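Work through the following exercises with the structure in view, and try each task before reading its solution.

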Amino acid sequence: MNHRDNANGAEPCALLITGTVGAGKTSVADLIGDLLLGAGVPHAVMDLDRLCQAWPAPNDDPFNFRLLLRNLRGLAANCLDAGARRLVLAGVAENAVERDNYQAAIGVPLQVCRLTADLPVVHARLRRRHEADNDPESLPWHLERAGQLHQILDQAAIADFTIDTTELQPPAVAASVLKAAGWT
């Protein structure tokens, strides 16, 4: 892909906000979008979970990662062609191969920010979310997955930088992410 600069000369680039379930990926990505809008920066925010939400998933791809990549490729290209210069992605990259696949799908430089939080805080967030969504059935799976995914991400160590969200409110996290990414 060759995406020309817009009038402000900004080279297109992307930021993946990753972390375990309940870390605040989607909330922070949305707030980053608000900050970019306020600064007049052409951008797009993408919730990667929505790009692979299809049933049934193939047995060899239980999280529909291949579908996610196909959809991301097209969506990123469309957003960049429409003038976006910053792509903000909220999703999970469990290893370097997944990070590389995201990079290839979007076709612009990618930074990865990992959001972390103490596990009891993550569990409390998940309980509140599932209560608000009236979804108690899937809560046990998400509680277990939070710890598993936290360990997977620790071992993978693919983030360019990490922000601890344990004691920060989402707006402060979003501002910290933008600063660490060099986007402010």
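**Exercise 1.** Find how many aromatic pairs a search of the whole structure gives, and describe the geometry of the pair formed by Phe65 and Tyr102.

*Solution.* Phe65 and Tyr102 make up an edge-to-face pair, with 5.4 Å centre to centre and 75° between the planes. Because Phe65 belongs to helix H2 and Tyr102 to helix H3, the pair ties together parts that are 37 residues apart in sequence; helices (H or I, at least four residues) and strands (E, at least two) are DSSP runs, numbered from the N terminus. Both Phe65 and Tyr102 are buried, that is, under 20% relative accessible area with a 1.4 Å probe and protein chains only.

This is a predicted model, in which local features need pLDDT of at least 70 and side-chain atom pairs count only at pLDDT 80 or more, whereas totals for chains, interfaces and linings use all residues. Residues are numbered from 1 along each chain as its sequence is written, and side-chain values use heavy atoms, with hydrogens and water left out.

**Exercise 2.** Work out the order of the strands in the open sheet, and state which are the edge strands.

*Solution.* The open sheet has five strands in the order S2-S3-S1-S4-S5, with parallel pairing, two strands being paired if DSSP finds at least two bridges between them. Strand S2 (43–47) and strand S5 (161–164) are the edge strands, each pairing on one side only. Strand S1 (residues 13–19) pairs with strand S3 (residues 86–90) over five bridges in the parallel sense, and Leu16 stands opposite Leu89 in S3. Strand S4 (residues 110–116) is joined to S5 by four bridges, again in parallel, with Asp164 of S5 as the bridge partner of Thr116. The covered face of S5 carries Phe161 and Ile163, while Thr162 and Asp164 are on the uncovered one.

**Exercise 3.** Characterise the lining of the largest pocket by its residue classes, and identify which helix gives the most to this lining.

*Solution.* The lining of the largest pocket divides into 19 nonpolar, 14 polar and 16 charged residues; Ala, Val, Leu, Ile, Met, Phe, Trp, Tyr, Cys and Pro count as nonpolar, Asp, Glu, Lys and Arg as charged, and the others, Gly among them, as polar. H4 gives the most to this lining, with five residues.

Key: Rings of Phe, Tyr and Trp (its six-membered ring) pair if their centres lie within 6.5 Å; planes under 30 degrees apart count as stacked, over 60 as edge-to-face and the rest as tilted. Buried means under 20% relative accessible area, exposed over 50%, partly exposed in between (1.4 Å probe, protein chains only).
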